[in-house]
Amino acid sequence: TFKRFMKRNGDKKWKQNKVLYLSSVIPDRRLNSARVSRFIAVSLDQKEILCFNNTLHSRMPNIKVFSGTSHPDLAQRIVDRLGIDLGKVVTKKFSNLETCVEIGESVRGEDVYIVQSGSGEINDNLMELLIMINACKIASASRVTAVIPCFPYARQDKKDKSRAPISAKLVANMLSVAGADHIITMDLHASQIQGFFDIPVDNLYAEPAVLKWIKENIPEWKNSIIVSPDAGGAKR
């Protein structure tokens, strides 16, 4: 790229004098998170400094997204929106039903996001998520974020009877010990579950998206009634 620049610019002093040039890769939000290479040309006599940018590609820098088996379609839609490829991972079970996870590409120094919901086979999905987090962490990932749309065991968030466990707190401890640096979830059963963690937790709300869908897809939405299964759900 620097040679092409020198060819386009016919100034003799740039051709005759020796030139020191540096390059660095930087993210630029104005270019939709494109990676931009900035070249800085400095004449050795220190009389002139010239900077110019060259767009390399539109990949989001240092981000990799992996999917568990709970909801691969959601993970695929996420990476399609981001314009990146889904990370390679193989999950399988041994004959004794132990879960095995193999990360199929390097995550060294990367910002890793693991998409795994707590719906369906909750125990298997949770264990798979913990193993994936730990596998990425010990593979020198810079940061591991667990994206958990449906937080497992969220309903067991308090001791409502004698000798009852607080399983949501236990799950929070397991995620932290596995190596998660950040949790992204949606519509927690109780907002205080965020306090079970010593790491950042983002509790997103589906209400704006649900209301938008209702208005766009239900003709008589103004005459509709939203029914809650219990009093706690009515608050949300």
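Author: A search of the whole structure turns up zero disulfides, a disulfide being a pair of cysteine sulfur atoms within 2.5 Å. This is a predicted model, where local features need pLDDT of at least 70, side-chain atom pairs count only at pLDDT 80 or more, and totals for chains, interfaces and linings use all residues. Residues are numbered from 1 along each chain as its sequence is written, and side-chain values use heavy atoms, leaving out hydrogens and water.

A word on confidence, then. pLDDT is the predictor's confidence in each residue, from 0 to 100. The protein chain has a mean of 79, with 73% of its residues at 70 or more. Over residues 11-58, though, the pLDDT is below 50, even though this stretch has 84 contacts in the model beyond near neighbours in sequence. Contact here means heavy atoms within 4.5 Å.

Now for the part I picked. The protein chain has seven helices and 10 strands; helices (H or I, at least four residues) and strands (E, at least two) are DSSP runs numbered from the N terminus. Five of the strands make an open sheet with parallel pairing, in the order β4-β7-β8-β9-β10. Two strands count as paired if DSSP finds at least two bridges between them. β4 (63-67) and β10 (201-204) each have a single partner strand, so these two are the edges, and one side of each has no neighbour in the sheet. From one strand to the next, the twist averages 15°.

β4 pairs with β7 (residues 111-115) in the parallel sense over five bridges, and K64 stands opposite V112 in β7. Helix α3 (residues 72-82) lies across these two strands, running at about 160° to β4. The axes are lines fitted to C-alpha atoms, for helices over the stretch in contact, and angles run from 0 to 180 degrees between N-to-C directions. Helix α4 (residues 122-138) packs on the sheet too, touching β4, β7 and β8 (143-148), with its direction at about 165° to that of β8.

Moving along, β7 and β8 also pair in the parallel sense over five bridges. Here I114 has A146 in β8 as its bridge partner.

Is β8 mostly covered or mostly open? It's mostly covered, with five of its six residues buried. Buried means under 20% relative accessible area, exposed means over 50%, and partly exposed is in between (1.4 Å probe, protein chains only). T145 sits in strand β8 and is buried, at a relative accessible area of 0%. Leaving aside neighbours within four places in sequence, T145 is in contact with D111, V112, Y113, I114, H182 and I184.

The nonpolar packing comes next. A nonpolar core is a set of buried Ala, Val, Leu, Ile, Met, Phe, Trp, Tyr and Cys residues joined through side-chain atoms within 4.5 Å. The largest one has 30 residues, and I114, I133, F151, L175, I183, I193 and F197 touch the most other members. The elements giving two or more residues to this core are β7, α4, β8 and α5 (167-178). α4 supplies the largest share, six residues. Take I133: beyond neighbours within four places in sequence, I133 is in contact with I114, V144, A146, L175, A178, G179 and A180. Apart from this core lies another, of eight residues, among them V65, I84, V115 and I184.

The C-alpha atoms of K158 and A168, 10 residues apart along the chain, are separated by 8.3 Å.

One last stop is the other end of the sheet. D187 is found in the loop between β9 (182-186) and β10. D187 is partly exposed, with a relative accessible area of 31%, and its phi is near 45°, a positive value in a residue other than glycine.
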